[in-house]
Amino acid sequence: MIRFGDVFFTVCLVLIAPFSFAQGLSDQIRINLEKATQEKPHVLGGVFLKNVGEVYQFYAQRGFEPVWSREFVLTERAYEMRYEIRQSQFDGLKPEDYHLGVLEASFAQAEQKKKDGGVLSILELTQLEIVLTDAFFELADDLAIGKVNPSSLKASWNIPRRSRSIDPSTLLIESLAQEDLRAGLAKLYPKTLLYAEGKQLMRELDEKQKKEPVNWKSIKTDRAFKVGDFNPVISQVRERLAYWGFVPSRVLEDPKKYDSLLLDRVLDFQKSKGMTADGVLGTLTLEALNDSPSELVDKIALNLERLRWIPDEFFEGEAIFVNIPSFQLIYRSGADTLFSTKVIVGTVKHQSPVFTAPMSYLVMSPYWNIPPSIARNETIPAIKRNPSYLESNRMEVVNSAGNSVPPSAVNWNARPFPYLIRQKPGEDNALGLVKFMFPNPNNVYLHDTPAKQLFDREIRTFSHGCIRMQNPKTFADLLLKNKPGWTSDRIWEAMNQSKEQIVQLDKKIPVVITYLTLTMDAKGNPQFRQDVYQRDAEVLSLLKR
């Protein structure tokens, strides 16, 4: 029996016996890959090969010459590959997925033999060669398109999955030729600064846990605290803020009192988390204080995975991003932010979907065509209770030809309901003065709203799924700035008509509605967002499998 790491296997499982060193390492690589491709599952000495077909083709193209060893000695690239596998934890991936345990044992064996004046056998080098290459291919694939297939999620993710920009075989050849595996693998990272910042923050949190281990306990309370309040919980808040580096210069009176110096640190903490900096120790602030370093590492990991699903062209080109958990719209051209504003998204019951579609036109002074589900469940029952409901809300009933139907002629109990109920254009219209259209099966679009006071709320989950936006006039001006004749005054006029008007855009702009609970502020600092639809746990569970 031969021991390879913590896996025992016999010569007959690995090599076609008998063999001699004269056959050469190349012959043994070919023989063992041929055997592994014929076995199901594809196993080499107890190690499951995930990419045996691609590995075989890679070696076949180079005459089965080894790439990780030279004259029975492991090369610098082999050690670099092991390092990159270890570092994959900061991509939110599991190094064990890339044979780390087996490789660590093999490297230790090689180093011990070197100390003893020996070298690895052909048997040992053969396995090490193949396993390292399989690990590179698997890691490259997970970095390129993500480990988890988003189509397997219960909560739909209808953004087309990112495609591979370069095949692993070509990437490995180029990386070996340039003697830089890290630079090669970095080519696969999502083309957004958020990915790099997320990785860096994960490293910092990992280091903090090692240097400052703490028995993490949640701060428990059922009330909010303001300046001047006394409570033992305030002492716990002080300790937690100090752990994260938000340390008051001194305690004015009693550590259990919420004093003015502590207020300054609470405000700083709230700003760092992208919260409304009001100084109130309420539910959201205490939830953020209760997030342990390991929980934050997990949150970064699952969001780095989500970023790996998003096609590069959305980050590199022009796109309108709406991120549900941060209640924010950002219109970008590459790394440049052209416009940013607050949004309101769907309630937990009526969740806004994750998808992408090209914006192609605007509707000025729009009618609100009430969706059948809202008409059936909300509008018609209201009309039955109050016959003047239609008039007081400036609504009308129209038939399939678009002609108005008197309410007295309508059978409100008809199933299916054969008419359309719509609200006329105007400031009180549920869609406001303009809507921005990107036709899609979800019937979701961006629009103005008369309920502008809701933008002052921190958690803005109030719609039936569509995206209500702040500052729609500014957004319309920006989208139409190069369209002849469409001055700011004309746009405002069109937004205040009695009939709706469609305005086509000169070019289609991708709208990408995402769900990321890790974002960046205007200065490029990572910020965590509340998991408003409770979708993080599923991604994390699949990622950790």
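Here is a short tour of this predicted model, one selection at a time.

Before you click: numbering runs from 1 along each chain as its sequence is written, and side-chain values use heavy atoms, with hydrogens and water left out. Local features need pLDDT of at least 70 and side-chain atom pairs count only at pLDDT 80 or more, while totals for chains, interfaces and linings use all residues.

**Stop one: the core.** Select Trp-68, Met-359, Met-364, Ile-421, Phe-436, Leu-446 and Phe-475, which touch the most other members of the largest nonpolar core, 155 residues in total. (A nonpolar core is a set of buried Ala, Val, Leu, Ile, Met, Phe, Trp, Tyr and Cys residues joined through side-chain atoms within 4.5 Å; buried means under 20% relative accessible area, exposed over 50%, partly exposed in between, with a 1.4 Å probe and protein chains only.) Now color helix α6, residues 122-145: it gives this core its largest share, 14 residues. (Helices are DSSP runs of H or I, at least four residues, numbered from the N terminus.)

Zoom in on Leu-446. Beyond neighbours within four places in sequence, its contacts (heavy atoms within 4.5 Å) include Val-322, Met-359, Phe-436 and Phe-475.

**Stop two: α11.** Pick residues 260-272. Show Leu-261, Leu-262, Val-266, Phe-269 and Gln-270, the buried residues of α11; they pack against α10 (232-243) and α12 (283-290). At the helix start, a side-chain oxygen of Asp-259 comes within 3.2 Å of the backbone nitrogen of Leu-261. After α11, find Gly-274, with a positive phi near 75°.

**Stop three: Glu-80.** Look in helix α4, residues 76-87. Glu-80 is buried at 14% relative accessible area, and its side chain reaches the backbone nitrogen of Arg-182 at 3.2 Å.

Terms used:
Helices (H or I, at least four residues) and strands (E, at least two) are DSSP runs, numbered from the N terminus. The expected span of a helix is 1.5 Å times one less than its number of residues. A polar contact is a pair of N or O atoms within 3.5 Å; within protein, one must be able to donate a hydrogen and the other to accept it, and residues adjacent in sequence count only if both atoms are side-chain atoms.
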